[in-house]
Amino acid sequence: MAHTHKICCSSEINQNDSCTSKSNSHQDNHCHDQGDKNNFDQHNSQPHKHNHDEDHDHNHGEMTNNSVLIVSLLLLFTGLILTHIVKAEWFVNNTLLQILWYGTAYLPVGFPVIKEAVELGGKGNFFNEFSLMAIATVGAFAIGEYPEGVAVMIFYTIGELFQEKAVNKAKGNIKALLDIRPKEATVYRNNKFVIVNPEDVKIGEKIQVKVGEKIPLDGQLLTNKGSFNTSALTGESKPSTFTQGDIVLTGMINLQNVIEIQTTKLYQDSSLAKILEMVQEASSRKATTELYIRKFAKIYTPIVFFLAVAVTILPTLFVENYEFKDWLYRALVFLVISCPCALVISVPLGYFGGIGAASKNGILFKGSNYLELMAKLDVVVMDKTGTLTEGVFKVQKVETSIDQHNFTQIVSAIEKQSTHPIAKAINETFPTDLIAQDVHEITGKGLKGVVNSTTALVGNTALLKQFDIKYPDVIDDIVESIVVVALENEYVGYITIADQIKVDAKSAITQMKDCGVIQTIILSGDKDSITQKVAKELAIDNAYGGLLPEDKVAKVEELKHTYPNSAIAFVGDGINDAPVLALSDIGIAMGGLGSDAAIETADVVIQTDQPSKIATGIRIARETRKIVIQNIVLALTVKIIVLILGAGGIANMWEAVFADVGVALLAILNAVRIQRMTFK
């Protein structure tokens, strides 16, 4: 599915939040149609100006360049030295000179803020941090507190610059994905290799990749063998070996010999492009906490504005020696302290830091709402094949009442029409030149087709039952995965297939339970006997086998009623389990590398095949949640204390600067801590 989103990772971390995320309601499992969870409005990818009606990002570092900021700082500190240390009378006693001096220092840092306040005011948004800062600092000039007016704007600007750097740091792991986009492709045209833009390469063309180069497009390996660094896609640094016929992906780095690839997708449809698109969309889905904070800020800002007016006027009613200048100064301090920047900056930054940390560990979250839900995860439901098991099947036994070669050739011809791992195992073991016709899938049961004028049914026992075909009772007692076959509506034999449990599957279940997951469940389309065997070996709480896709949906709906206050995740391959991935509170795609359906359907993509990454995601989500709560408590506590002190005339403008910019800086530093943490 093509998309028109602009792929970018700007420093904007807040965008339009008009959609209602799953974090707002477990019943509203996606803010878009379940069939296309990746279908976002194009405007979400467009940069926009600050607008409190649209949740701006508070990133104003670009408003003032560093050199101008340094000039403002030098003028401020020189003025303070002349006043308090040198005590130069020519400066101290010359009001006009001080206005010109501090005004020159103020304009470069203050004008952009005042401009924003005026622009927002023109749109009907009078109550925002820009108007608060503008009124407070212009008022400081009006009552002769020039240095303090300048200091507020300078330190506010410094805080914004620090925030910009913090955002960039928090996005570092995600933005690194942009750096792996290949800039050119060497394609074979007119009997020679020519260098072109990857976007100009068509499906089916042959491309060449030299040692050290990145693969520019998804394709099938034509060379006998190749070794690739897949760390940019999987988070795993160890080399991966691929053989002729395997699919290799955009962004992989060729480590050995010159290789050739036949492209299978256009650049815009490649796995890397879809991952980058997912990263772009991550900033548009907000956590519940983030949404609440922004709503709080919109109500909070006008309230403190009118409180500041009250601090100025109401004392005339009960203060005997009322001094307008004194109470106006208190009100101005009150305004500076009340700016909600620390809250509105640190909360989304905390979540984005968590998304960056997860990306570093090979886990991609489609939004902070899913990161928040992951922190509350209580029930984990998993598919078996490809999630807990390797999904690499080997043929174990063939039992048939007809000629074995003829039997395996017919089965292989039918299975060539399927992408299921079992079908692949049969095709690899019994390659055939036979071509099946009129093949169609019977969901959850198998395939029906015609080979050499013979109608064949290939699938599980449910398929034979549907067509009222009798088979030996002993088949139901076979534990291994089994493919039963009927020709012309008569049972003729079976093939058994074996799969292996993943190396870290058992430790993954243990780690999830250590993280507080109360229920682990397997829902599998495989035989119930195999499913129960795997569940017992891995110490999984409950397991259900022999399920059709609609049965899995029904089970998850049942779990939602059983655990109404719990977040429920479903972990699957993102291809056969799309309906249940969409229904769950958190859909987690295991092994998203190369799986388009996984990237498009799931809310979280684990880029490796390691189920232990689920527990890693939970730990990252909970640490992120902890940091966000710390920032909220820090910001509110300090602001409330200094607000009271400011209204009482105890705190001055310098304390106000700390309460606003200082707290914001502390919150930012706390938010980026998660980037340095190690998650196993």
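Is Asn452 buried or exposed? Asn452 is exposed, with a relative accessible area of 57%; here buried stands for under 20% relative accessible area, exposed for over 50%, and partly exposed for values in between, with a 1.4 Å probe and protein chains only. The structure is a predicted model, in which local features need pLDDT of at least 70 and side-chain atom pairs count only at pLDDT 80 or more, while totals for chains, interfaces and linings use all residues. Residues are numbered from 1 along each chain as its sequence is written, and side-chain values use heavy atoms, without hydrogens and water.

Asn452 is located in the loop between β14 (446-451) and β15 (454-459). Helices (H or I, at least four residues) and strands (E, at least two) are DSSP runs, numbered from the N terminus. The phi angle of Asn452 is near 50°, a positive value in a residue other than glycine. Asn257 likewise has a positive phi, near 60°. This residue, Asn257, sits in the loop between β8 (253-254) and β9 (259-263) and is exposed, at a relative accessible area of 53%.

Strand β9 also belongs to an open sheet of six strands, ordered β2-β1-β3-β9-β4-β7, with antiparallel pairing. Two strands are taken to pair if DSSP finds at least two bridges between them. At the edges are β2 (192-196) and β7 (247-248), each of which pairs on one side only. Within the sheet, β1 (residues 185-189) and β3 (residues 206-209) run antiparallel and are joined by two bridges. Thr186 is placed opposite Gln208 of β3. In general, the strands of a sheet pair through backbone hydrogen bonds, in either a parallel or an antiparallel manner.

The unreviewed UniProt entry lists residues 67-86, 299-319, 331-352, 628-650 and 656-674 under "transmembrane region". UniProt positions are given in the numbering used here, feature names are shortened, and annotations may be inferred rather than shown by experiment. In the model, residues 67-86 are 90% helix and 0% strand, with 26 Å between the end C-alpha atoms. For residues 299-319 the content is 71% helix and 0% strand, and the end C-alpha atoms are 30 Å apart.

A nonpolar surface patch consists of Phe77, Ile81, Ile85 and Val86, which together have about 400 Å² of accessible area. Patches are made of residues with over 30% relative accessible area and no salt bridge, like charges being joined within 9 Å and nonpolar side chains (Val, Leu, Ile, Met, Phe, Trp, Tyr) within 5 Å. Accessible areas come from the Shrake-Rupley method with a 1.4 Å probe, and for residues only the protein chains shown count as cover.

In helix α16 (residues 505-514), the buried residues include Ala505, Ala508, Ile509 and Met512. These residues are on the same side of α16 because they cover an arc of only 95° around the axis, the arc being that of the directions from the helix axis to the C-beta atoms. Ile509 has a relative accessibility of 1%, and its C-alpha atom is separated by 7.0 Å from that of Leu538, 29 residues apart along the chain. Just after α16, Gly516 has a positive phi of about 100°.

The whole structure contains 10 salt bridges, a salt bridge being a side-chain nitrogen of Lys or Arg within 4 Å of a carboxyl oxygen of Asp or Glu. One of them joins Glu372 and Arg625, at 2.8 Å from N to O. This pair links distant parts of the chain, with Glu372 in helix α12 (residues 368-375) and Arg625 in helix α21 (residues 613-647), 253 residues apart. Glu372 is buried, at 2% relative accessible area, whereas Arg625 is partly exposed, at 26%.

A further salt bridge is formed by Lys552 and Asp383, whose closest N and O atoms are 3.3 Å apart. Lys552 lies in helix α18 (residues 549-562) and Asp383 in the loop between β11 and β12, 169 residues apart. Both Lys552 and Asp383 are buried, Asp383 having a relative accessible area of 6%. The C-alpha atoms of Asp383 and Ala543 are 9.8 Å apart, with a sequence separation of 160 residues. Helix α18 also holds Lys560, 25 residues apart from Asp585, which is in the loop between α19 (578-583) and β21 (586-590). The side chains of Asp585 and Lys560 meet in a salt bridge of 3.6 Å, N to O, and both residues are buried.
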